[in-house]
Amino acid sequence: MFKIFANAWRVEDIRKKMLFIFLLLLIYRVGAILVPLPGLDLQLLEFERYTRMAGGDAAMTFFSLLMGGELGTVFAMGIAPYITASIIMQLLTYAIPALSQMQKEDEDGRKKIQQITRYLAVGLAAIQAAGMVFSYTRHGIMWDGVGVNLFAPQNQNMFVYIVATVAMITGTIFIMWLAELLTEKGIGNGASFLIFANILAGLPAGAMTFWNMLTSSPDILTIITVVVLLVTFALIIAFVVLVHEGERRIPVQYSRKAAAGGRGMFGGNHNSYIPLKVNIAGVLSIIFAMSLIGFPVQIAQFFPNATFINNIASFVDFRDLHWIGAIIYVILIFAFTHFYTSFAVNPIEMAENMKKNGGFIPGIRPGRPTSEFIQTTVNRLSWIGACFYSLIALTPIIMGQLVPEMAMIAFGGTSLLIVTGVALEFVKQLESQLLMRHYKGFLE
């Protein structure tokens, strides 16, 4: 891996892309930490952040994966509204024939879908920003059991609240632009990179938690606990790499090969294969599941006195090892895995292309039997991948019940899953960029 980075750094075009990614991620993290909303009382804001981090606020560490993780900044909502809008549009595309036809059309159709997704994300951001500003005014911070307005006394008026709401919406629009800019001019998916940066930002706090465990009670039991946790993290990473790199190779045999220019046929049998990943959806299924299951928990933060909403949030908050929340989380992982796979893989098109090129799967007749075989294989792989990812996501949560300090570490199983997946995809993108440049240089 380090050799790939070294080789990529020597190439000027790829080096510029890597520096561009680093610059945009730096801008994003600076905005998520150092740019507060207008009108807030900065001293109260810092006190609230310290209280949440010291108390190990599970909801805060949970939403830091999709959001900036910093209370009261213009980037507080992060990329979450855009991801939620993408989920809604994918569901609507699957349910509404007009949108489905638009998705299957040329590039213009896909651009229309993308534009609708942006508008929907702005609408969701407006609702969420208004709710967050309202929560800051009513119970931004708890002082002796009483909610205190997080805005400064001289700024507690409707005009400041509206300005703060608009600032949060603008921040989300800017983050959407950063994500699309990263996708267009960088290497890989921009939204995944932003979530990747949010997770890595919590790494120092996780390391500090381990350090506090060792310094507060330096006995043999604490040392063993820390070692076990570190070994568990290492095993999770190894398991993630194993699942992420796993693939099912369907053998394909070509009985003939077309000559250049279509002037005839030549050659005999030619063997190849179709590589299908164990989990084609990758980390997107985890991200989508987290976004949906975390929505009630976030709403409950806005309305702490609403009994009904808080009861729903407590049921789905799987960090407390509530079995209903854990089951819903696993179901969502399975659902989004199969849902995304249905878009990513088209067995009918693969079977038709194979038939046109004179290819066939040994023991399977061309045409419909081939597409059914591919579909069955993809479904089985999706089940296996979803099972593995659910196990990885739930293991640290179960361990958090056994080791209370584990619950305070945001860098858990899901975080490791996302970070490892994004890193592996980035390395593959670098390899493809290097390979493409090698072929270009050869042809030139």
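User: Helices (H or I, at least four residues) and strands (E, at least two) are DSSP runs, numbered from the N terminus; in which helix does Ile-195 lie?

Analyst: This is a predicted model, in which local features need pLDDT of at least 70 and side-chain atom pairs count only at pLDDT 80 or more, while totals for chains, interfaces and linings use all residues. Residues are numbered from 1 along each chain as its sequence is written, and side-chain values use heavy atoms, with hydrogens and water left out. With that numbering in hand, the place of Ile-195 can be looked up among the helices, and it lies in helix H9.

User: Is Ile-195 buried or exposed?

Analyst: The test is the relative accessible area, where under 20% is buried, over 50% is exposed and anything in between is partly exposed (1.4 Å probe, protein chains only). The relative accessible area of Ile-195 is 1%, and therefore this residue of the model counts as buried.

User: What distance separates the C-alpha atoms of Ile-195 and Ile-79?

Analyst: Along the chain, Ile-195 and Ile-79 are 116 residues apart.

User: At what angle do helix H2 and helix H9 pack, and how are they oriented to each other?

Analyst: Helix H2 covers residues 12–34 and helix H9 covers residues 190–201, and their axes lie 10 Å apart at an angle of about 60°. Here the axes are lines fitted to C-alpha atoms, for helices over the stretch in contact, and angles run from 0 to 180 degrees between N-to-C directions. Angles under 35 degrees count as roughly parallel, over 145 as roughly antiparallel, 65 to 115 as roughly perpendicular and the rest as oblique. With their angle of about 60°, H2 and H9 are therefore oblique.

User: How is H10 oriented to H11?

Analyst: Helix H10 (residues 203–216) packs with H11 at an angle of about 160°, and the two axes are 9 Å apart. Because of that angle, the orientation of H10 to H11 is roughly antiparallel.

User: How many salt bridges does the structure hold?

Analyst: A pair is counted when a side-chain nitrogen of Lys or Arg is within 4 Å of a carboxyl oxygen of Asp or Glu. Among the pairs that pass are Glu-180 with Arg-118 and Glu-247 with Arg-249. In the whole structure, the number of salt bridges is four.

User: In which helix do Lys-16 and Glu-12 both lie?

Analyst: The side chains of Lys-16 and Glu-12 meet in a salt bridge, 3.3 Å from N to O. Lys-16 counts as exposed because its relative accessibility is 52%, and Glu-12 counts as partly exposed because its value is 43%. The two residues are four apart, about one turn of the helix that holds them both, which is H2.

User: How many residues apart in sequence are the parts that Glu-180 and Arg-118 tie together?

Analyst: Glu-180 and Arg-118 form a salt bridge whose closest N and O atoms are 2.7 Å apart. Glu-180 lies in helix H8 (residues 158–185) and Arg-118 in helix H7 (residues 107–139), so the pair ties together parts whose separation in sequence is 62 residues.

User: How far apart are the closest N and O atoms of Glu-247 and Arg-249?

Analyst: Glu-247 is partly exposed, with a relative accessible area of 36%, and Arg-249 is partly exposed as well, with 47%. These residues form a salt bridge in which the closest N and O atoms are separated by 2.8 Å.

User: What distance separates the C-alpha atoms of Glu-352 and Ser-371?

Analyst: Glu-352 belongs to helix H16, which covers residues 347–356, and it is partly exposed, with a relative accessible area of 45%. Glu-352 and Ser-371 are 19 residues apart along the chain, and the distance between their C-alpha atoms is 8.4 Å.

User: What distance separates the C-alpha atoms of His-338 and Ala-386?

Analyst: His-338 sits in helix H15 (residues 323–344), where it is partly exposed at a relative accessible area of 23%. Ala-386 is 48 residues away from His-338 along the chain, while C-alpha to C-alpha the separation is 8.6 Å.

User: How far apart in space are Arg-15 and Phe-5?

Analyst: Arg-15 has its place in helix H2, and at 25% relative accessibility it counts as partly exposed. Phe-5 is ten residues from Arg-15 in sequence, and the C-alpha to C-alpha distance in space is 9.5 Å.
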